[in-house]
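Subject: Structure handover and notes

Hello,

The structure is pasted below for your use. My notes on it come after.

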Amino acid sequence: MTRAISKEKFMAQKIWLDGKLVDQQDAKITVFDHGLLYGDGVFEGIRIYSGRIFELEAHIKRLYESAKAIRLTISISQSELTGAVEETVKANGISDGYVRLVVTRGVGTLGLNPFICKNSCIFVIADSIQLYPEELYEKGMRVISATTVRNHPLAIPPQAKSLNYLNNILAKIEALDNDVPEAVIYNHEGYVAEASGDNVLIVKDGVIYTPPAEAGALPGITQRVVIKLAREESLQVIEKNLTRFDLYVCDEFFLTGTAAEVIGIVEIDGRVIGDGKPGPITSLLRNKFFQYAHGKEK
Ligand code: PXG
C-alpha cells in the first residue's frame, strides 16, 4: 500500500477560491471572514484514490446538509461545487491525495450577526494527506476515553460538519497528553459517540456493532462504505448504543474515517482488546476497503 506522499511532490499549487483557480500565495481570505472570527462555516475532507474522487456525491450532500443545519446558504449549486472540486484536483494533477472543501459564512463585521455576511466564501484545496505511520495499521492503535463530552444534540448539531471543531480538538489534546493518537468521545448520556475524527466500530462474537447517528456521531462516509462491504461478506452489522464497558470487553475494535481509513484499536484505557493485535474482521475490512477505494472491486 502506498502511504506517505512527500509534501514537496504534492505541494498544492492551485486553490479554487470563489469561482477561480488562483495560485496558493494569492488564495487570501480577509480577517473579517466569519469562518475565522467565529468558526462559522462547514467543511468536508475527501480522498482521491487512483485518480477518482472518493464518494464525492455523498460528501457534497453532507456539506449542503451541514450548511442547511446552520442556516448557511451556499451561493452555488451542488453540481457547480462538484465541478469545482473536480477542476481543482485536475489542475493540481493529484491522483492519490486529499481535498479539503470549505464554505464559510463570508465577510462580516465584528459582531455575531451572520446575516450581515452577504456571500458565503468557498474554497477547495487539493493536496497530500498527513497519514498515520504504516506501523500503526500493522500493530494497531491505543486510545483513551476522553472526558470531553460530545456536542449536545441541542448545541451545534453533532451531525453537521461545522468549522467549529474545538470540542473534538479538546478530546484530541487529551489523547496526545496521554501519548496516544486518538480518544473516544462519549455523549451526554454516557454512550459512545465517536472518536475525534473517526467513527467507532467493534466486533463481539462475530457481530459488528456501531453507535447509531442519534448517539451523536458524524454520519461517516467511510463507515457507511465499510458497513456495506461487511454486509457483502455476510457479516452482521447492528447499530446500537455502546457503553465504555462494551469497548473494554469487545473482541475487535476499529475506527473508520477519511483520514484513517480503517484502523485497528488494540488498547483502550489500559485494557487490551482481543490478543493485542488488529483482529481478523478488522484486517479483512481494511483490505476490502482498500480494494474498493482503488476501484479494484465492483
Ligand atoms: N467523525 C468526525 C467528527 C469527523 O470529523 C468522521 C467522523 C469520519 O467521517 P468520514 O465521512 O470521513 O468517514 C470525521 C471525518 C483530519 C480529517 O484531517 C478528519 C476527518 C475527515 C478528513 C480529515 O483529521 N474527519
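This is a predicted model: local features need pLDDT of at least 70, side-chain atom pairs count only at pLDDT 80 or more; totals for chains, interfaces and linings use all residues.

Residues are numbered from 1 along each chain as its sequence is written, and side-chain values use heavy atoms, with hydrogens and water left out.

Pockets

A pocket here is an open set of points on a 1 Å grid over the protein atoms alone where a 1.4 Å probe fits, with protein on both sides within 12 Å along at least five of seven lines; lining residues have an atom within 4 Å of a point. Volume is the space filled by probe spheres set on the points, with grid points joined across faces, edges and corners.

The largest pocket has a volume of about 830 Å³. Its lining has 31 residues, and those nearest the centre are Tyr 98, Arg 100, Lys 161, Gly 197 and Ala 259. Because domain 1 (2-127) and domain 2 (134-294) both give residues to the lining, this pocket lies between them; the domain bounds come from an automatic or database domain assignment. Elements that each supply at least two lining residues include strand S3 (41-49), helix H2 (56-69) and helix H6 (221-232). Helices and strands are DSSP runs numbered from the N terminus (helices H or I, at least four residues; strands E, at least two). H5 gives the most to this lining, with 3 residues. By class the lining holds 11 nonpolar, 12 polar and 8 charged residues, where Ala, Val, Leu, Ile, Met, Phe, Trp, Tyr, Cys and Pro count as nonpolar, Asp, Glu, Lys and Arg as charged, and the others, Gly among them, as polar.

The second largest pocket has a volume of about 420 Å³. It is lined by 22 residues, with Arg 62, Pro 219, Gly 220, Ile 221 and Arg 224 closest to its centre. H2 gives the most to this lining, with 6 residues. The classes are 12 nonpolar, 5 polar and 5 charged. Domain 1 (2-127) and domain 2 (134-294) each contribute at least three residues to the lining.

Helices

H3 (residues 78-91) has 14 residues and reaches 20 Å from first C-alpha to last, close to the 20 Å expected, the expected span being 1.5 Å times one less than the number of residues. Its buried residues (under 20% relative accessible area, with exposed over 50% and partly exposed in between; 1.4 Å probe, protein chains only) are Leu 81, Thr 82, Ala 84, Val 85, Thr 88 and Val 89. They fall within an arc of 155° seen down the axis of H3, so they line one face of the helix; the arc is that of the directions from the helix axis to the C-beta atoms. Ser 79 and Lys 90, on the other side of H3, are exposed.

For H6, the end C-alpha atoms are 17 Å apart, which agrees with the 16 Å that its 12 residues should span. Among the buried residues of H6 are Ile 221, Val 225 and Leu 229.

Backbone angles

Most residues other than glycine have a negative phi. Asp 179 has a positive phi near 60°, and it sits in the loop between H5 and strand S8 (182-186). Asp 179 counts as exposed, at 66% relative accessibility. Glu 261 also has a positive phi, of about 60°, but lies in strand S14 (residues 261-268) and is buried, with a relative accessible area of 5%.

Regards
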